[in-house]
Amino acid sequence: MASSREAIPTDFTRLFGIRYPIIGAPMFLVSNVEMVVAVSEAGGIGTFPALNFRPVEAYRSALRDIAARTSKPWGVNIIVNKSNARRKEDLRHALDNGARLLVTSLGSPAEVIREAHKSGAKVFCDVTNLQHAQKAQDLGADGVIAVGVGAGGHAGPVSPIVLVPWLKEKLRIPIVAAGGFASGRTIAAALALGASAAHVGTRFIASVEAGVDGAYKKAVVDATPEDIVMTTRISGTPAAVIRTPYVEKLGLDLHWALKALKDQPRAKKYVVPLIHWLGMRQLEEAANKPTWKTVWSAGQSVGLVHDILPCAEIMERLVGEYFDAVAGMPK
Ligand SMILES: Cc1cc2nc3c(=O)[nH]c(=O)nc-3n(C[C@H](O)[C@H](O)[C@H](O)COP(=O)(O)O)c2cc1C
(Lines give C-alpha, C1' and ligand atoms only; values in the text may rest on other atoms or scores of the structure.)
Protein backbone atom coordinates (compact mmCIF):
# COMPACT_ATOMS: atom_id res chain seq x y z
CA MET A 1 0.00 0.00 0.00
CA ALA A 2 1.03 3.61 -0.57
CA SER A 3 1.48 4.22 3.14
CA SER A 4 4.33 1.65 3.31
CA ARG A 5 6.42 3.87 1.03
CA GLU A 6 8.50 6.87 1.96
CA ALA A 7 6.46 10.04 2.56
CA ILE A 8 6.62 13.05 0.19
CA PRO A 9 6.78 16.02 2.58
CA THR A 10 5.62 19.44 1.32
CA ASP A 11 3.99 22.54 2.87
CA PHE A 12 0.67 20.92 2.11
CA THR A 13 1.35 17.57 3.78
CA ARG A 14 2.75 19.36 6.83
CA LEU A 15 -0.39 21.48 7.10
CA PHE A 16 -2.56 18.39 7.36
CA GLY A 17 -0.12 15.88 8.85
CA ILE A 18 -0.52 13.50 5.87
CA ARG A 19 2.02 11.42 3.89
CA TYR A 20 1.35 12.36 0.29
CA PRO A 21 0.62 15.69 -1.46
CA ILE A 22 -2.39 14.31 -3.31
CA ILE A 23 -5.98 15.50 -3.03
CA GLY A 24 -8.68 13.17 -4.32
CA ALA A 25 -10.46 16.11 -5.98
CA PRO A 26 -14.19 16.69 -5.45
CA MET A 27 -16.24 15.52 -8.43
CA PHE A 28 -19.93 16.18 -8.87
CA LEU A 29 -21.86 12.87 -9.09
CA VAL A 30 -18.64 10.84 -8.87
CA SER A 31 -17.04 11.28 -5.41
CA ASN A 32 -18.58 9.24 -2.62
CA VAL A 33 -17.87 8.10 0.93
CA GLU A 34 -15.83 5.06 -0.18
CA MET A 35 -13.51 7.16 -2.34
CA VAL A 36 -12.96 9.79 0.35
CA VAL A 37 -12.14 7.19 3.00
CA ALA A 38 -9.86 5.18 0.66
CA VAL A 39 -7.83 8.20 -0.50
CA SER A 40 -7.43 9.58 3.03
CA GLU A 41 -6.53 6.18 4.45
CA ALA A 42 -3.91 5.79 1.69
CA GLY A 43 -2.13 8.94 2.84
CA GLY A 44 -3.71 11.59 0.58
CA ILE A 45 -6.77 13.64 1.40
CA GLY A 46 -10.15 12.61 0.03
CA THR A 47 -12.81 15.23 -0.71
CA PHE A 48 -16.33 15.37 -2.15
CA PRO A 49 -18.84 18.03 -3.22
CA ALA A 50 -21.48 18.52 -0.52
CA LEU A 51 -24.14 18.60 -3.25
CA ASN A 52 -23.40 14.98 -4.19
CA PHE A 53 -25.71 14.15 -1.32
CA ARG A 54 -29.28 15.32 -1.55
CA PRO A 55 -31.31 16.00 0.53
CA VAL A 56 -29.26 17.49 3.37
CA GLU A 57 -30.02 14.50 5.59
CA ALA A 58 -28.16 12.23 3.13
CA TYR A 59 -25.21 14.65 3.28
CA ARG A 60 -25.18 14.61 7.09
CA SER A 61 -25.28 10.85 7.06
CA ALA A 62 -22.34 10.74 4.59
CA LEU A 63 -20.34 13.07 6.84
CA ARG A 64 -21.00 10.88 9.89
CA ASP A 65 -20.07 7.80 7.90
CA ILE A 66 -16.74 9.27 6.79
CA ALA A 67 -15.93 10.49 10.29
CA ALA A 68 -16.66 7.01 11.66
CA ARG A 69 -14.52 5.25 9.05
CA THR A 70 -11.34 7.29 9.07
CA SER A 71 -9.42 9.32 11.61
CA LYS A 72 -7.32 10.81 8.79
CA PRO A 73 -8.04 14.31 7.41
CA TRP A 74 -10.69 14.63 4.68
CA GLY A 75 -12.50 17.49 3.03
CA VAL A 76 -15.69 18.91 1.55
CA ASN A 77 -16.20 21.08 -1.52
CA ILE A 78 -18.73 23.86 -1.26
CA ILE A 79 -19.97 25.85 -4.21
CA VAL A 80 -20.04 29.31 -2.67
CA ASN A 81 -22.10 31.29 -5.15
CA LYS A 82 -25.50 32.53 -4.14
CA SER A 83 -27.38 30.06 -6.33
CA ASN A 84 -26.34 27.33 -3.88
CA ALA A 85 -28.98 27.76 -1.19
CA ARG A 86 -27.39 25.05 0.99
CA ARG A 87 -23.97 26.64 1.26
CA LYS A 88 -24.19 27.91 4.87
CA GLU A 89 -25.85 24.78 6.18
CA ASP A 90 -23.42 22.49 4.32
CA LEU A 91 -20.46 24.37 5.77
CA ARG A 92 -21.77 24.10 9.32
CA HIS A 93 -22.37 20.34 9.04
CA ALA A 94 -18.94 19.77 7.45
CA LEU A 95 -17.23 21.59 10.31
CA ASP A 96 -19.38 19.95 12.99
CA ASN A 97 -18.39 16.54 11.64
CA GLY A 98 -14.67 17.29 11.60
CA ALA A 99 -13.83 18.18 7.98
CA ARG A 100 -10.25 19.48 7.98
CA LEU A 101 -10.22 20.87 4.44
CA LEU A 102 -12.81 23.03 2.71
CA VAL A 103 -12.46 23.46 -1.05
CA THR A 104 -14.41 26.44 -2.35
CA SER A 105 -15.48 26.99 -5.92
CA LEU A 106 -17.42 29.50 -8.03
CA GLY A 107 -17.84 32.50 -5.72
CA SER A 108 -16.47 34.46 -2.75
CA PRO A 109 -14.88 32.21 -0.11
CA ALA A 110 -14.96 34.91 2.62
CA GLU A 111 -17.59 33.30 4.83
CA VAL A 112 -16.14 29.79 4.49
CA ILE A 113 -12.70 31.10 5.48
CA ARG A 114 -14.09 32.93 8.51
CA GLU A 115 -16.13 30.00 9.81
CA ALA A 116 -13.62 27.26 8.97
CA HIS A 117 -10.84 29.07 10.81
CA LYS A 118 -12.95 29.22 13.97
CA SER A 119 -13.00 25.40 13.84
CA GLY A 120 -9.33 25.03 12.92
CA ALA A 121 -10.13 23.75 9.41
CA LYS A 122 -8.17 24.92 6.36
CA VAL A 123 -9.60 26.49 3.22
CA PHE A 124 -8.23 26.06 -0.30
CA CYS A 125 -9.96 28.05 -3.04
CA ASP A 126 -10.30 27.05 -6.68
CA VAL A 127 -8.80 29.81 -8.84
CA THR A 128 -7.96 30.10 -12.52
CA ASN A 129 -5.96 33.34 -12.55
CA LEU A 130 -3.76 35.64 -10.46
CA GLN A 131 -6.51 38.14 -9.65
CA HIS A 132 -8.72 35.55 -7.97
CA ALA A 133 -5.76 33.89 -6.31
CA GLN A 134 -4.64 37.18 -4.79
CA LYS A 135 -8.16 37.88 -3.59
CA ALA A 136 -8.33 34.47 -1.91
CA GLN A 137 -4.97 35.13 -0.23
CA ASP A 138 -6.13 38.59 0.94
CA LEU A 139 -9.27 37.01 2.42
CA GLY A 140 -7.09 34.66 4.48
CA ALA A 141 -7.29 31.43 2.46
CA ASP A 142 -4.78 28.78 3.50
CA GLY A 143 -4.01 27.96 -0.11
CA VAL A 144 -5.29 28.07 -3.66
CA ILE A 145 -6.05 25.35 -6.15
CA ALA A 146 -4.70 26.49 -9.50
CA VAL A 147 -7.12 25.00 -12.02
CA GLY A 148 -5.48 25.00 -15.42
CA VAL A 149 -6.56 24.24 -18.95
CA GLY A 150 -7.36 20.57 -19.55
CA ALA A 151 -8.83 19.97 -16.08
CA GLY A 152 -12.06 18.05 -15.64
CA GLY A 153 -15.06 20.15 -14.54
CA HIS A 154 -14.84 23.94 -15.05
CA ALA A 155 -11.29 24.24 -16.35
CA GLY A 156 -9.41 27.53 -16.49
CA PRO A 157 -7.91 28.99 -19.65
CA VAL A 158 -4.21 28.98 -18.64
CA SER A 159 -1.81 26.05 -18.96
CA PRO A 160 -0.96 24.61 -15.55
CA ILE A 161 2.70 24.71 -16.63
CA VAL A 162 2.41 28.52 -16.56
CA LEU A 163 -0.35 29.00 -14.01
CA VAL A 164 1.39 27.26 -11.10
CA PRO A 165 4.77 29.06 -11.31
CA TRP A 166 2.99 32.36 -12.12
CA LEU A 167 0.98 32.14 -8.90
CA LYS A 168 4.02 30.83 -7.03
CA GLU A 169 5.96 33.99 -7.91
CA LYS A 170 3.25 36.22 -6.48
CA LEU A 171 1.64 34.40 -3.54
CA ARG A 172 2.78 33.52 -0.04
CA ILE A 173 0.31 30.67 0.49
CA PRO A 174 0.62 27.06 -0.82
CA ILE A 175 -0.56 26.28 -4.33
CA VAL A 176 -2.19 23.03 -5.39
CA ALA A 177 -1.91 22.16 -9.08
CA ALA A 178 -5.07 21.00 -10.88
CA GLY A 179 -5.62 19.89 -14.44
CA GLY A 180 -3.90 16.90 -16.01
CA PHE A 181 -2.21 15.46 -12.91
CA ALA A 182 -3.08 11.80 -13.19
CA SER A 183 0.24 9.97 -12.89
CA GLY A 184 3.25 10.07 -10.58
CA ARG A 185 5.29 11.67 -13.34
CA THR A 186 2.83 14.58 -13.56
CA ILE A 187 2.75 14.94 -9.78
CA ALA A 188 6.56 15.22 -9.78
CA ALA A 189 6.17 17.92 -12.44
CA ALA A 190 3.59 19.76 -10.28
CA LEU A 191 6.03 19.89 -7.36
CA ALA A 192 8.84 21.00 -9.69
CA LEU A 193 6.60 23.86 -10.86
CA GLY A 194 6.26 25.04 -7.28
CA ALA A 195 3.00 23.36 -6.25
CA SER A 196 2.68 21.89 -2.76
CA ALA A 197 0.22 19.20 -3.89
CA ALA A 198 -1.75 17.93 -6.88
CA HIS A 199 -5.54 17.90 -7.18
CA VAL A 200 -6.38 14.64 -8.93
CA GLY A 201 -9.87 14.30 -10.39
CA THR A 202 -10.25 12.42 -13.67
CA ARG A 203 -7.91 9.54 -12.64
CA PHE A 204 -10.29 8.67 -9.80
CA ILE A 205 -13.38 8.41 -12.07
CA ALA A 206 -11.83 5.15 -13.25
CA SER A 207 -11.78 3.73 -9.73
CA VAL A 208 -13.64 0.70 -8.44
CA GLU A 209 -15.28 2.86 -5.75
CA ALA A 210 -16.54 5.70 -8.01
CA GLY A 211 -20.30 5.80 -7.86
CA VAL A 212 -20.94 6.02 -11.61
CA ASP A 213 -22.01 3.64 -14.34
CA GLY A 214 -19.33 1.26 -15.70
CA ALA A 215 -19.77 2.69 -19.21
CA TYR A 216 -18.62 6.12 -17.94
CA LYS A 217 -15.50 4.60 -16.32
CA LYS A 218 -14.75 2.67 -19.52
CA ALA A 219 -15.18 5.85 -21.58
CA VAL A 220 -12.52 7.53 -19.38
CA VAL A 221 -10.14 4.59 -19.95
CA ASP A 222 -10.78 4.55 -23.71
CA ALA A 223 -10.71 8.31 -24.39
CA THR A 224 -7.68 10.25 -25.60
CA PRO A 225 -6.98 13.92 -24.72
CA GLU A 226 -8.32 14.89 -28.15
CA ASP A 227 -11.71 13.47 -27.20
CA ILE A 228 -12.19 16.15 -24.51
CA VAL A 229 -14.26 19.12 -25.62
CA MET A 230 -15.51 22.20 -23.79
CA THR A 231 -19.25 22.73 -23.64
CA THR A 232 -21.31 25.59 -22.21
CA ARG A 233 -24.49 23.51 -22.30
CA ILE A 234 -24.14 22.17 -18.76
CA SER A 235 -23.81 25.32 -16.69
CA GLY A 236 -23.38 28.24 -19.05
CA THR A 237 -19.61 28.32 -18.34
CA PRO A 238 -17.23 26.04 -20.26
CA ALA A 239 -16.99 22.53 -18.81
CA ALA A 240 -14.92 19.61 -20.08
CA VAL A 241 -16.75 16.52 -21.36
CA ILE A 242 -15.90 13.47 -23.44
CA ARG A 243 -16.96 13.94 -27.05
CA THR A 244 -19.55 11.24 -27.64
CA PRO A 245 -22.05 10.99 -30.50
CA TYR A 246 -24.69 12.47 -28.19
CA VAL A 247 -22.50 15.45 -27.23
CA GLU A 248 -21.86 16.04 -30.94
CA LYS A 249 -25.56 15.90 -31.65
CA LEU A 250 -26.33 18.41 -28.87
CA GLY A 251 -23.62 20.84 -29.99
CA LEU A 252 -21.21 22.58 -27.61
CA ASP A 253 -23.03 25.89 -27.22
CA LEU A 254 -26.11 26.82 -25.27
CA HIS A 255 -29.36 26.95 -27.20
CA TRP A 256 -29.45 30.40 -28.85
CA ALA A 257 -32.58 31.40 -26.92
CA LEU A 258 -31.05 30.54 -23.52
CA LYS A 259 -27.87 32.35 -24.52
CA ALA A 260 -29.79 35.48 -25.46
CA LEU A 261 -31.78 35.41 -22.20
CA LYS A 262 -28.64 34.76 -20.12
CA ASP A 263 -27.18 38.02 -21.44
CA GLN A 264 -30.24 40.09 -20.46
CA PRO A 265 -29.75 41.57 -16.98
CA ARG A 266 -33.38 41.07 -15.92
CA ALA A 267 -33.76 37.50 -17.22
CA LYS A 268 -30.31 36.35 -16.06
CA LYS A 269 -31.41 35.74 -12.47
CA TYR A 270 -33.92 33.12 -13.60
CA VAL A 271 -32.15 31.74 -16.64
CA VAL A 272 -28.79 30.88 -15.05
CA PRO A 273 -30.34 28.55 -12.42
CA LEU A 274 -32.49 27.02 -15.18
CA ILE A 275 -29.39 26.31 -17.31
CA HIS A 276 -27.72 24.72 -14.26
CA TRP A 277 -30.74 22.60 -13.51
CA LEU A 278 -31.10 21.35 -17.09
CA GLY A 279 -27.37 20.60 -17.38
CA MET A 280 -27.15 18.83 -14.01
CA ARG A 281 -30.14 16.67 -14.87
CA GLN A 282 -28.45 15.66 -18.10
CA LEU A 283 -25.17 14.82 -16.32
CA GLU A 284 -26.99 12.92 -13.61
CA GLU A 285 -28.86 10.74 -16.09
CA ALA A 286 -25.69 9.95 -18.01
CA ALA A 287 -23.56 9.24 -14.93
CA ASN A 288 -25.82 6.87 -13.11
CA LYS A 289 -27.46 4.57 -15.63
CA PRO A 290 -26.87 3.10 -19.06
CA THR A 291 -28.19 5.58 -21.62
CA TRP A 292 -27.33 6.75 -25.10
CA LYS A 293 -27.51 10.35 -23.78
CA THR A 294 -23.89 10.29 -22.77
CA VAL A 295 -22.70 13.57 -21.26
CA TRP A 296 -19.65 12.47 -19.29
CA SER A 297 -17.45 15.03 -17.57
CA ALA A 298 -13.67 14.37 -17.63
CA GLY A 299 -10.40 16.20 -18.27
CA GLN A 300 -7.57 15.73 -20.76
CA SER A 301 -5.75 13.43 -18.34
CA VAL A 302 -8.03 10.63 -19.64
CA GLY A 303 -5.01 10.04 -21.89
CA LEU A 304 -3.05 8.87 -18.85
CA VAL A 305 -5.76 6.57 -17.47
CA HIS A 306 -5.60 2.99 -18.69
CA ASP A 307 -7.38 0.91 -16.08
CA ILE A 308 -10.05 0.86 -13.39
CA LEU A 309 -8.46 0.25 -10.00
CA PRO A 310 -9.36 0.56 -6.31
CA CYS A 311 -8.47 4.05 -4.99
CA ALA A 312 -5.79 2.60 -2.67
CA GLU A 313 -4.04 1.05 -5.67
CA ILE A 314 -4.30 4.28 -7.64
CA MET A 315 -2.64 6.07 -4.71
CA GLU A 316 0.05 3.41 -4.48
CA ARG A 317 0.74 3.68 -8.19
CA LEU A 318 0.86 7.50 -8.14
CA VAL A 319 3.38 7.44 -5.30
CA GLY A 320 5.50 4.67 -6.88
CA GLU A 321 5.55 6.46 -10.24
CA TYR A 322 6.46 9.71 -8.50
CA PHE A 323 9.59 8.19 -6.98
CA ASP A 324 10.51 6.51 -10.30
CA ALA A 325 10.07 9.83 -12.15
CA VAL A 326 12.24 11.72 -9.67
CA ALA A 327 14.92 9.00 -9.73
CA GLY A 328 14.85 8.99 -13.55
CA MET A 329 15.49 12.73 -13.95
CA PRO A 330 18.81 13.71 -15.52
CA LYS A 331 21.33 14.54 -12.81
C1 LIG B 1 -16.51 14.58 -13.25
C2 LIG B 1 -15.96 15.79 -12.59
C3 LIG B 1 -16.75 16.53 -11.72
C4 LIG B 1 -16.22 17.64 -11.06
N5 LIG B 1 -17.01 18.30 -10.15
C6 LIG B 1 -16.47 19.30 -9.41
C7 LIG B 1 -17.23 19.92 -8.39
O8 LIG B 1 -18.38 19.56 -8.12
N9 LIG B 1 -16.64 20.93 -7.68
C10 LIG B 1 -15.36 21.33 -7.94
O11 LIG B 1 -14.88 22.24 -7.26
N12 LIG B 1 -14.62 20.76 -8.90
C13 LIG B 1 -15.14 19.75 -9.63
N14 LIG B 1 -14.37 19.13 -10.58
C15 LIG B 1 -12.96 19.54 -10.75
C16 LIG B 1 -12.03 18.69 -9.87
O17 LIG B 1 -12.25 18.94 -8.51
C18 LIG B 1 -10.54 18.93 -10.21
O19 LIG B 1 -10.22 20.29 -10.07
C20 LIG B 1 -10.18 18.48 -11.62
O21 LIG B 1 -10.77 17.24 -11.90
C22 LIG B 1 -8.68 18.37 -11.77
O23 LIG B 1 -8.31 18.06 -13.08
P24 LIG B 1 -8.17 16.55 -13.63
O25 LIG B 1 -9.56 16.10 -13.92
O26 LIG B 1 -7.33 16.71 -14.84
O27 LIG B 1 -7.52 15.71 -12.57
C28 LIG B 1 -14.88 18.03 -11.29
C29 LIG B 1 -14.10 17.28 -12.17
C30 LIG B 1 -14.61 16.18 -12.82
C31 LIG B 1 -13.72 15.38 -13.73
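Predicted model: local features only at pLDDT ≥ 70, side-chain atom pairs only at ≥ 80, totals over all residues.
**Trp166**

Next I looked up where Trp166 sits, and found it in helix H7, which covers residues 160-170. Then I asked which residues Trp166 touches once those up to four places away in sequence are left out. I got Asn129 and Leu130. I also checked Trp166 against Lys262: they are 96 residues apart in sequence, and their C-alpha atoms are 33 Å apart in space.

**Two domains**

Domain 1 takes in 2-211 + 307-327, and domain 2 runs over 224-288. So I noted that domain 1 is listed in two stretches. Going by C-alpha atoms, the centres of the two domains are 25 Å apart.

**His199**

Over to strand E8, residues 197-200, where I found His199. Is His199 buried or exposed? It counts as buried, because its relative accessibility is 9%, and the cut-off for buried is under 20%. I then listed what His199 touches, again skipping residues up to four places away in sequence. The list has Ile23, Ala25 and Pro26, then Asp126 and Ile145, and finally Val176, Ala177, Ala178 and Gly179.

**The ligand**

I found 22 residues around the ligand, and the ones that come nearest are Pro26, Asn77, Gly180, Gly201 and Thr202. I sorted the shell by class and got 10 nonpolar, 11 polar and 1 charged.

Next I went through some atom pairs. For Pro26, a backbone N or O atom lies 2.7 Å from a ligand oxygen atom. For Ser105, an N or O atom of the side chain is 3.2 Å from an oxygen atom of the ligand. For Asp126, a polar side-chain atom is 3.2 Å from a ligand oxygen atom.

How much of the ligand does the protein bury? On its own the ligand exposes 610 Å², and the protein buries 93% of that. Last, I asked which elements give two or more residues to the shell, and noted E8 and helix H9 (202-205). E8 is the strand where I had found His199.

Technical notes: Residues numbered from 1 in each chain as written. Heavy atoms only, no water. Helix = DSSP H or I, 4+ residues; strand = E, 2+ residues; numbered from the N terminus. Buried < 20%, exposed > 50% of the residue type's maximum accessible area, 1.4 Å probe, protein only. Contact = heavy atoms within 4.5 Å. Near = heavy atom within 4 Å. Polar contact = N/O pair within 3.5 Å; in protein donor to acceptor, adjacent residues only side chain to side chain. Areas by Shrake-Rupley, 256 points an atom, 1.4 Å probe, with all protein chains shown as cover. Nonpolar A, V, L, I, M, F, W, Y, C, P; charged D, E, K, R; others polar.
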